[in-house]
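Here is a short tour of one protein model, meant to be read with the structure open beside you. Keep the viewer at hand and follow along.

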Amino acid sequence: MNNTIHTSKNNRNYTPLVVGLSIVVNAIILLLFFSPIGYRGEVTFDLTIFPRINAVLNSFTFIFLCAALYAIKKKNIIVHKRFIFAAFTTTLLFCVSYLSYHYLSVETTRYGGEGFLRSVYFFILITHSVLAAIIVPLALFSLIWGMTNQVEKHRKIVRWSMPIWLYVSFTGVLVYLMISPYY
């Protein structure tokens, strides 16, 4: 297998696509949280399956990202790409599951912990939520610049996107573990 980096550049401008997709995804999430839109009919199954699925998908994303990081440190570009595609796949599935849950759910679950753990939970939740919104365009630009062999741009952005994406996927699991007793 060939692990060399091809230096051909794609001159296509993906910025409008990335910015547009990032705005749409984040706007849908905000609308589901802060507006009355959503499903108002009867749901005949236990919706708490979605947060469990989300935690599993976040776990896989974290593992795939760690494996991708290890592969690129070993200069194995092909394996790196495969794990990045796997991370994007589990993230996309997470997004579908997450949006489905918040569309179908009448109310959000409230954290019931107290004291120091309550502060820790909200710190993790707030940083997770803010960085989750930020990672959408960062991860997409990282993917596009990697796929189009814009190596210098890719290297510069992944210094930010990889740790943020790792944090978001890991803290997504932590948020689930902390709030799961209250479903």
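Helix α4 gives 14 residues to the lining of the largest pocket, the largest share from any element. This is a predicted model, so please read every value below as computed from predicted coordinates.

**The largest pocket**

The volume of the largest pocket is about 1500 Å³. Besides α4 (115-147), the elements that give two or more residues to its lining are α1 (15-34), α2 (49-73), α3 (77-104) and α5. In total, 46 residues line the largest pocket.

**A nonpolar patch on the surface**

Now turn to the surface. Phe122, Ile126, Val130 and Ile134 form a nonpolar patch there, and together they have about 330 Å² of accessible area. One of these four, Ile134, is found in helix α4, the helix that also gives 14 residues to the lining of the largest pocket. Ile134 has a relative accessible area of 37% and is partly exposed; a residue needs over 30% to be part of a patch, so Ile134 passes that cut-off.

How many salt bridges does the model have? The count comes to one. In this salt bridge the side chains of Glu152 and Arg155 meet, with 3.5 Å from N to O. Both residues belong to helix α5 (residues 151-179), and because they are three residues apart there, about one helical turn separates them. Glu152 is exposed, at 51% relative accessible area, whereas Arg155 is partly exposed, at 40%.

Leu69 is found in helix α2 and is partly exposed, with 31% relative accessibility. Between Leu69 and Met162 there are 93 residues of separation in sequence, while their C-alpha atoms are 8.3 Å apart in space.

**Accessibility at a glance**

| Residue | Relative accessible area | Class |
|---|---|---|
| Glu152 | 51% | exposed |
| Arg155 | 40% | partly exposed |
| Ile134 | 37% | partly exposed |
| Leu69 | 31% | partly exposed |

Technical notes: Residues numbered from 1 in each chain as written. Predicted model: local features only at pLDDT ≥ 70, side-chain atom pairs only at ≥ 80, totals over all residues. Heavy atoms only, no water. Helix = DSSP H or I, 4+ residues; strand = E, 2+ residues; numbered from the N terminus. Buried < 20%, exposed > 50% of the residue type's maximum accessible area, 1.4 Å probe, protein only. 1 Å grid on protein atoms, 1.4 Å probe; cavity = no way out; pocket = protein on both sides within 12 Å on 5 of 7 lines; lining within 4 Å. Points joined across faces, edges and corners; volume = space filled by probe spheres on them. Patch = residues over 30% accessible without salt bridge, like charges linked within 9 Å, V, L, I, M, F, W, Y side chains within 5 Å. Areas by Shrake-Rupley, 256 points an atom, 1.4 Å probe, with all protein chains shown as cover.
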